[in-house]
Amino acid sequence: MPGANTPGSNTLWRMRTTVKDEPGSLASLCTALAGHRVDILSLQTHPLAEGTVDEFLLRAPGELQASGIATAVRTAGGTDTWIERADAHDLVDAPTRVLGLAARTALDAAELPLALRQLLGRCTIRSQPAPAGGGRTSDGVPVEGALDDTVMRLRAPEGGVITVERPYLPFTPTEFARARALVELDARLGPRLPRGRDVLTLAEGSDITVRRADTRDLAAAKAMHERCSDRTLRLRYHGPVGDADRYLNHLLSPRFGRTLAVQTASGRLVGLGHLLWDGDETEVAVIVEDAWQRRGVGGELLGRLVAMAAEGGCRSVYAVTQSSNTGMVAAMRGLGLPLDYQVEEGTLVITARLGETVSTGAGEVGSTSAP
């Protein structure tokens, strides 16, 4: 297959530029691009108070560099031009992409941060929860949200604030309206999780069920904590054992990630796995009740979490643990992915770089059924 710079090959580019809101401005820009044999595959307009931001998907000759395209655009009157490589996913038109993101958000409350990231491109998303005790805070953000150049702030449905930052490219009012519409959809639909669950048979013959969990599982999660040893709680939460319960409401919230729960045939919760959106990074964490450790439960949870991260477009995940936590270290190695190890203030951080395909299981656990 020809390389990007091979004569006769083509390269896809995403480009934004601001043009004057007057007749002939866009025509001059299109003529300049055509002069360099650049095809315009799609065009979106983002109206501003003065001028218009035009967003293009371009197909250019492989030998034409980004600087050459930018120079042609500037000569034709475009300003504040931004350009980066695109791929085949960008060939989907904007309405289709937005409808797809809305459908994913409607099915799963935990999809909102991922949907916003896919809608807005490379950005950092952080959620500030509402105060403890059931109070609500706007943190100075009006109900309709606030847009300030490269930062947008949106009122989260539960009363917190969602902050989205994209330092390399200012947000347009059109993007702000789309993001706000996704958040409003999430608020109208309320708490929701996919109903699917897998029943697994462990090697020794016990059946367990793996399913999604949220804050409605808070009481069961606290009960599991009470059955865990102090060592298990310290290895998981890296702090005083008495503080373990106070993290659960945050960890179980779909606003901050996804949670998988493992329960026995009797319905008792014996394990939790968390996939946490940490700004523009993704953390994985697992805790398994002592009596159910070393049966493959932790590895099964970790494998499924990593598969969900890969499906969500994450390039890597990291786990924060201690070198003495041999179970977690072995589970990360069992993923079969490239790993990086870093010690920070006595804590071991293991980062797994995700490939294009990740197994949804963690290994030889047993048979599976999905009723």
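1. L26 counts as partly exposed because its relative accessible area is 30%, a value between the 20% and 50% limits. Together with I40 and L43, L26 forms a nonpolar patch on the surface, and the accessible area of these three residues taken together is about 190 Å².

2. Overall make-up. The chain has 371 residues, of which 45% are buried, and its secondary structure comes to ten helices and 17 strands. Taken along the principal axes, the C-alpha atoms fill a box of roughly 70 × 50 × 45 Å.

3. The annotated span. An unreviewed UniProt entry carries the annotation "domain: ACT" for residues 14–88. In the model this span is 27% helix and 43% strand, and its end C-alpha atoms lie 11 Å apart. The annotation comes from the record, whereas the percentages and the distance are computed from the predicted coordinates.

4. Cysteines. A search of the whole structure finds zero disulfides. C123 is buried, because its relative accessibility of 7% is under the 20% limit. C228 is buried as well, with a relative accessible area of 7%.

5. Salt bridge between D108 and R212. The structure holds 23 salt bridges, and one of them joins the side chains of D108 and R212 at 2.7 Å, N to O. D108 sits in the loop between α3 (94–107) and α4 (112–120), while R212 sits in strand β10, so this pair ties together parts that are 104 residues apart in sequence. Both D108 and R212 are buried.

6. Salt bridge between D198 and R304. Here the side chains meet at 2.8 Å, N to O. Because D198 lies in strand β9 (residues 197–201) and R304 in helix α9, the pair ties together parts of the chain that are 106 residues apart in sequence. D198 is buried, with a relative accessible area of 18%, and R304 is buried too, with a value of 15%.

7. Salt bridge between R268 and E289. The side chains of R268 and E289 meet at 3.6 Å, N to O. R268 is in the loop between β11 and β12 (269–278), and E289 is in the loop between β13 and α9, so the bridge ties together parts that are 21 residues apart in sequence. The two partners fall into separate accessibility classes: R268 is partly exposed, with a relative accessible area of 38%, whereas E289 is buried, with a relative accessible area of 4%.

8. A salt-bridge network. Salt bridges that share partners join R14, R16, E55, E84, D90, R122, R166 and E175 into one network.

9. Two buried loop residues. R255 is found in the loop between α8 (248–252) and β11 (257–264), and R255 is buried, with a relative accessible area of 8%. A polar contact of 2.9 Å joins the side chain of R255 to that of D186. D214, in the loop between β10 (207–213) and α6 (218–227), also counts as buried, because its relative accessibility of 4% is under the 20% limit. D214 and S253 are separated by 39 residues in sequence, and the distance between their C-alpha atoms is 5.7 Å.

10. Positive phi values. Most residues other than glycine have a negative phi, and two residues in this model deserve a look on that account. D80, in strand β4 (residues 79–85), has a positive phi of about 50° although it is not a glycine. D80 counts as exposed because its relative accessibility of 67% is over the 50% limit. R294 lies in the loop between β13 (281–288) and α9 (297–311), and its phi is near 60°, again a positive value in a residue other than glycine. With a relative accessibility of 77%, R294 likewise counts as exposed.

Key. Residues numbered from 1 in each chain as written. Predicted model: local features only at pLDDT ≥ 70, side-chain atom pairs only at ≥ 80, totals over all residues. Heavy atoms only, no water. Patch = residues over 30% accessible without salt bridge, like charges linked within 9 Å, V, L, I, M, F, W, Y side chains within 5 Å. Areas by Shrake-Rupley, 256 points an atom, 1.4 Å probe, with all protein chains shown as cover. Salt bridge = Lys/Arg side-chain N within 4 Å of Asp/Glu carboxyl O. Buried < 20%, exposed > 50% of the residue type's maximum accessible area, 1.4 Å probe, protein only. Disulfide = S-S within 2.5 Å. UniProt positions renumbered as here; feature names shortened; annotations may be inferred. Helix = DSSP H or I, 4+ residues; strand = E, 2+ residues; numbered from the N terminus. Polar contact = N/O pair within 3.5 Å; in protein donor to acceptor, adjacent residues only side chain to side chain.
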